[in-house]
Every structure is written in structure tokens, then in C-alpha cells.
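Please read the numbered points beside the sequence and the model.

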Amino acid sequence: MADEIRKDMETRFKKGQSGNPKGRPKGRKNNAGLLSDAFFKIVRIKDRDGFRNVPKIVAAAEVCLNNALKGDLRSFVKVMEIAQKFELLKPGSTQQEIAVIRRIIVDPKDPNALEDK
């Protein structure tokens, strides 16, 4: 019985051999790395000041923000989600204060309707 080789000894860890020899080759990036490369690839865009080089993710965010400013509700919601996630709208975190927009319904029969109560 001492001369018999146990089956599990053949499959145990061997020094210098990968645990998954058919796995991802060294140097190849995983999906997160490939996606990161795609997001941060530099593109050249033209704006009113001329040409500038920015990462693709920045260009996409600017397009989304511009669409929101044109009235696209989905783009506005996405921009606000991003701003909330990165805490861009906290008081004191922005360079300019955000103005409060109020809707006032005026009754033409009541001349004192504009006075604050």
C-alpha cells in the first residue's frame, strides 16, 4: 500500500505551474481593462475655440449635457444622476450658485398676486 501513488497527488499544486493553464494569457487585459481603454481613448473634437483632444467619456458627457440643455428630458435625467453620484451639486462644491427657479401663476383679476405672502 505504501508503493501505491494516490490519485490526488497527481493533481495537486505543482511549483511553477499555473492553477489554470488554459486561462487568460499574461499581458491580455480583462474586460474592465478593455472597457477602460475604450472610454479613455483620446478623440479630437472641434468646438467654438478650435480643436482639442479629450477622452471619449468626456466627449460623451458633453454631448449628453448639451442635449439636456436643448430640452432632451432623458439626457437631463442622466446628467442629474451623474451629478448626484459624483456629488457635484452639494452646496459649496460648485463654483457658481444654482439659481432657484419658481413657477408663478398670476391671476389677472388679483393685482396683488405677485406679492410674497
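1. Accessible areas come from the Shrake-Rupley method with a 1.4 Å probe, and for residues only the protein chains shown count as cover. On that basis the protein exposes about 11,800 Å², and carbon and sulfur atoms supply 56% of this area.

2. The model is predicted: local features need pLDDT of at least 70, side-chain atom pairs count only at pLDDT 80 or more, and totals for chains, interfaces and linings use all residues. Residues are numbered from 1 along each chain as its sequence is written, and side-chain values use heavy atoms, with hydrogens and water left out.

3. The protein has four helices and two strands, where helices (H or I, at least four residues) and strands (E, at least two) are DSSP runs numbered from the N terminus. Their order from the N terminus is α-α-β-β-α-α.

4. Of the 117 residues, 8% count as buried; buried means under 20% relative accessible area, exposed over 50%, and partly exposed in between (1.4 Å probe, protein chains only). A contact means heavy atoms within 4.5 Å. Among contacts between residues at least 6 apart in sequence, 0% join residues at least 24 apart.

5. Strands β1 and β2 run antiparallel and are joined by six bridges; two strands pair if DSSP finds at least two bridges between them. They form a hairpin with two residues between them. Isoleucine 42 has proline 55, in β2, as its bridge partner.

6. Helix α3 covers residues 56–69. Just after α3, glycine 71 takes a positive phi of about 110°.

7. Ala59, Cys64 and Ala68 are the buried residues listed for α3. The cover over the buried residues of α3 includes β1 (42–47), β2 (50–55) and α4. Serine 75 lies in helix α4 and is buried, with a relative accessible area of 9%. Leaving aside residues up to four places away in sequence, serine 75 touches Cys64, Asn67 and Ala68.

8. Which residues make the nonpolar surface patch of about 750 Å²? They are Leu73, Phe76, Val77, Met80, Ile82, Phe86, Leu88 and Leu89. Patches are made of residues with over 30% relative accessible area and no salt bridge, like charges being joined within 9 Å and nonpolar side chains (Val, Leu, Ile, Met, Phe, Trp, Tyr) within 5 Å. A salt bridge is a side-chain nitrogen of Lys or Arg within 4 Å of a carboxyl oxygen of Asp or Glu.

9. Valine 77 is found in helix α4 (residues 73–85) and is partly exposed, with a relative accessible area of 39%. Isoleucine 82 also belongs to helix α4 and counts as partly exposed at 39% relative accessibility. Isoleucine 82 and alanine 61 are 21 residues apart in sequence and 9.3 Å apart in space, C-alpha to C-alpha.

How values were computed. The expected span of a helix is 1.5 Å times one less than its number of residues.
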